[in-house]
Each structure stands twice: as structure tokens, then as C-alpha cells.
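Please keep the sequence and the model in view while reading.

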Amino acid sequence: MNDITKDSGSPPLPSSPAPEGRKTRSTGRLGDKIFLGFSRGSGITLLVIMLAIAIFLSVRAANALSANEGNFFTSFEFDLNGDPPYFGIAVLAFGTIVSSLIAMAIAVPIAVAIALFITHYAPRRLSGPIGYVIDLLAAIPSIVYGLWGALFLVPHLEGLYKWLDDYFGWTKIFEYHDGAARSLFTVGILLAIMILPIITSVSREVFRQVPAMHEEAALALGATRWEVIRMSVLPFGRSGVISASMLGLGRALGETMAVATVLSTSWDIAPSLLDSGGGTFAQNIASSFGEASGEMGKDVLIATGLVLFVITLIVNGAARLVIARNKEFSGANG
């Protein structure tokens, strides 16, 4: 009886391992150990380099800040060779943030639109060449952008400036007082062109990773092409677009030679974005480094570099928080 019961019974189910205490262990292969060690060492090395940069900037900046006779955050003057030095970052902070925001406002919508066109609208024989041309923009050196901006963009923006003054001059933000278009607005346009390929390239790759079943399901429900993009593609690629935008913002914040070539530096904050003058952290460091006399003058510039370093860390940290909050809606956490 017992034998019949054993023979006629269903095959035993495989025992499921206990979920608790389950750990991922190395297979013991030499290649896995080498790769693990290399990856871990690379991460630690990066942290050490970042820490070394932060310590160097902080120590050298402390010397300048302790000798500074002006208010570091609100002073408009910048005398790095004074005895003692008298400097502030108000103009530099304003110019860096405003020019970068102008660049982002122009570049992000255009870059996302180009990425959507390449991945969902353009035929294959056309999408490849367009993507290739966009990627080529990233290979152009900054000084070439600066020369193009100074010799071509600045003279041809006078008409746009007059148009903005005619229709939006009453806001005082777009009031134009003639003169060369060497302003923060011009810098923002130039930076937008420079960061466009970065945002477009990353966004394009993110949109290509959208699961086909999401788009097919939307089409089966009768959605139009734009509705498919709005309901399936953009929510999935939101985190990727944010990451791409932060990469572009990082370059806009730290761009040096192109800004130094185009911008007419002045230590004043003009109410209009079309007025010549202004400055940014990176541009000021590049243009003033040769004039810095002695260690104190260089320490003053390093102090402004520390502020740019902190701003970049804050921007990237905020981007990581935004991405983490939107990750569950993007399908990237699967």
C-alpha cells in the first residue's frame, strides 16, 4: 500500500530556497575577481580624486578669503592683485547662472525634438545622417565656437536684439541700447549650440530603449503618433532626458574659451540681458590668470573656482534626486 501511494503520487515539487540570507557570491573565476577588483578600485580612485580636488581648492581658497577686504558674496569689485585683495563673486555668479539657464531653455526643447524626430519620425536613410551631423557638433573645439561666435554670431544678432527690444523692451529684460551684441544673451545662444549634441545624443539613445510593446499597445488602442510619444515615450525617457540635460548644464557652467571670446567683461549687473558686459566663473579664471601676481592672486581665482565646483556638485546632486523620484515612472527600475 505504501509502495502504491509512493508510485501514484505527483512528482515532488522542487524546494524553493529561502529568500532570506541569499547573497550573490562570486563564481570564483579569475576573470570575475579581476573585474570586481578593477571596478571597485576605479570607484575608490574617483572618490579620492574628487576629495583631493576639494581639499586643494578649500585650502588655497581659505588663504584668499581670510585676506579679502570685500564681501565675497555681494561685492561687485574684483581686485585680485590688491594688497590686501578686494573681490566678490556677485557678478560672476549672476553671469554663470543666467547664461547657463538661457542655454538650457533654448537647447533642451530643441534637443528633445531632434531626438524624437530621429527615433520616431524620420525614415532610416535620413535619421542616420542627421544623427551623424548632430554628433559632429560635439567634436568642434571650444575656441572654434568662440571665433565663430565673435566673428559671425555677434554681428548677425543685431536684428534679433532690435526685434526683442521692439516687442519686449517694456519688460526691461530685453531692452537694447545699441552696441555690439556681446552680452549674456549671446553667450546663452552660443552655449545652447555647444550643448545641443550632448543632450540630443543621450536623449536619442534613451528613446530607442522604449519597449516596443508599450508603443504597440498605445497604437492598438487607437492613439496617434503624438499620443504614443506623450503617453509611452516621454514618461519612459524622462529620467534619461534629465540626465542628458544635467550633462549639458555641466558643460555650460564650465565653458571657458568660447565665453571669453564672445563676452565683453564688465563688473556690473545690467538689468537687461541684451546689454554688453557681465562675466562667468570659468571665463574670469581664464582671462585673469595671466594677470594674477603672486600666490595670493592665484588663490583669489582658486576661491572662485571652488564656488563653481560647489555649484556643479549641487546641480548634479539635485539631478540625482529628481531622477530617483521619477525612476518608478520611467520603467528603468525593472
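A pocket is an open set of points on a 1 Å grid over the protein atoms alone where a 1.4 Å probe fits, with protein on both sides within 12 Å along at least five of seven lines; lining residues have an atom within 4 Å of a point. This is a predicted model: local features need pLDDT of at least 70, side-chain atom pairs count only at pLDDT 80 or more, and totals for chains, interfaces and linings use all residues. Residues are numbered from 1 along each chain as its sequence is written, and side-chain values use heavy atoms, with hydrogens and water left out.

The lining of the largest pocket consists of Ile118, Thr119, His120, Arg124, Ser127, Phe207, Arg208 and Glu215. Helices α3 (90-121), α4 and α7 (184-208) each supply at least two of the lining residues, and α3 gives the most, with 3. Helices are DSSP runs of H or I, at least four residues long, numbered from the N terminus.

Ser127, one of the lining residues, belongs to helix α4 (residues 124-136). Its relative accessible area is 11%, so Ser127 is buried (under 20%; exposed is over 50%, partly exposed in between, with a 1.4 Å probe and protein chains only). Beyond its neighbours within four places in sequence, Ser127 is in contact (heavy atoms within 4.5 Å) with Ile118 and Ala122.

Elsewhere, Ile143 is found in helix α5. Ile143 is partly exposed, because its relative accessible area is 37%.
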